[in-house]
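Let's take a walk through this structure together. Keep the sequence and the 3D view open as you read.

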Amino acid sequence: MDNYDTSFTDALFGTSPSGFGGYNGFAQQTVRPKTENGIIWYICILPLLALFLENYATSKWAGIFLWAATVIMLIFSCRYDCKKLEKAEIDTSAVRGWVWLAPAYVFKREKMLGRETYKGIMLTVFCLAALVMNGFVQGLRINEDSLPDIVANSYVQNLDNFSGISSNIIGEQLEEYLGEDADWECTKKGDVYTAVCTGRHEGKNMQVVFEVEHDGFAFLGCRVSEIRSEGEKLEDEDFNNTLAEIMIPETLEDDSSENVQTQRA
C-alpha cells in the first residue's frame, strides 16, 4: 500500500507530500502574496465620486479645486499602495514608475501579483468617463447657438424669477404664449449670455429676454430680465403679471377661480 504512486490524486485534489514545496507532481502552483485591496477599490471609484461631487461645485473655481484634488489623491493613493507592497517585501520595480498614472499602475499591479486585471480596465473606463463628462468639457459645448435650446428645455423653476416647484418647460410655455413661430437670438458678453425669444401674442410683437450666466463650468444664474410689448419695456406689476401669465398661467387661473368664488359668496 505504501508503495502506490499517489501523484495523480495529489494533482487532482491539490495535495502533496510534505517537503515538496507545493509541488503536486505536475506543476508548481504560485502562491499569491496577501495584500490589502481596499485602497485599490478606493482608487477605482474615485473618478466616479468626483463626478458625483461635481453636482455641488457651483463655480469654475470649485471645479478646479475638485479635479485637482482628485488627480492628487489618485497619485497619492498609488504611492501609498506601492509603499505598502514594499513593506510587505514585494518587488515593486515593475510598477513604481507608474504611480503618477493610476489606470496603468492598477493594471500592472494586479498583473504583477498574478490577479485578474479587470480593476485596471474598470478604472480606465471610469477615468475616460470623467474626462468626457466633467463640467469643463461639457462647458465647451455651450455657446450662442446651443444656449437657446438649453434655456428652452429647462424647467420654469430653474429661473431666478421664481421660487418653488413647477413642472412647466420654458420652451413649451413660450411656444404656447408667442406661437410656434417664435424665434431665438443669442449674444454673449463675458460670462453672460443674452437670449431673446421673439413672437406674437394677441396681435402684438412680444420679446422675452433671458439673462444667463455661465462661467465655463457651471450655470450661475438664469432669469427673465425684460419683457417687451411692441418695443415697449414692461415695468413692475405689468412685468410680473405678464411673466406669470407666460410661465405659470395656472397660478393666475387659480387666483381667478378664488375671486369668482369670493364674489359668489
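Predicted model: local features only at pLDDT ≥ 70, side-chain atom pairs only at ≥ 80, totals over all residues.

Residues are numbered from 1 along each chain as its sequence is written, and side-chain values use heavy atoms, with hydrogens and water left out.

Start with helix α3, which covers residues 60–87. Helices here are DSSP runs of H or I with at least four residues, strands are runs of E with at least two, and both are numbered from the N terminus. The 28 residues of α3 reach 40 Å from the first C-alpha to the last, close to the 40 Å expected at 1.5 Å a residue (the expected span is 1.5 Å times one less than the number of residues). Just after α3, Glu89 takes a positive phi of about 60°.

Which parts of α3 are buried? Among them are Gly63, Leu66, Trp67, Thr70 and Leu74. Buried means under 20% relative accessible area, exposed means over 50%, and partly exposed is in between, using a 1.4 Å probe and protein chains only. The buried residues of α3 pack against α2, α4, α5 and α6. An α-helix has 3.6 residues a turn, so residues three or four places apart point the same way. Leu85, also in α3, is buried with a relative accessible area of 2%. Leu85 and Arg109 are 24 residues apart in sequence, yet 9.8 Å apart in space, C-alpha to C-alpha.

Over in helix α4 you'll find Glu110, which is buried at 0% relative accessible area. Setting aside neighbours within four places in sequence, Glu110 is in contact (heavy atoms within 4.5 Å) with Asn37, Arg115, Glu116, Thr117 and Lys119.

How many disulfides does the structure hold? It holds zero, a disulfide being a pair of cysteine sulfur atoms within 2.5 Å. Cys127 is in no disulfide either, with the nearest cysteine sulfur, that of Cys44, 8.7 Å away. Cys82 is buried at 4% relative accessible area, whereas Cys127 is partly exposed at 22%.

Now for the cores. A nonpolar core is a set of buried Ala, Val, Leu, Ile, Met, Phe, Trp, Tyr and Cys residues joined through side-chain atoms within 4.5 Å. The largest one has 28 residues, and those with the most contacts inside it include Leu159, Phe210 and Val224. Helices α7, α8 and α9 and strands β2, β3 and β4 each supply at least two residues of this core, and α9 gives the largest share, with five. Val224 is in contact with Leu159, Phe210 and Met247, among others, leaving aside its neighbours within four places in sequence. A second, separate core of 17 residues includes Leu46, Val95, Val99 and Ala102.

Finally, the strands. β3 (residues 204–214) and β4 (residues 219–229) pair in the antiparallel sense over nine bridges; strands pair if DSSP finds at least two bridges between them. One of these bridges links Glu213 to Gly221. β3 and β4 form a hairpin with four residues between them, and Gly216 in the turn has a positive phi of about 95°. Two bridges then join β4 to β5, also antiparallel. In their hairpin, which has two residues between the strands, Glu230 takes a positive phi near 55°.
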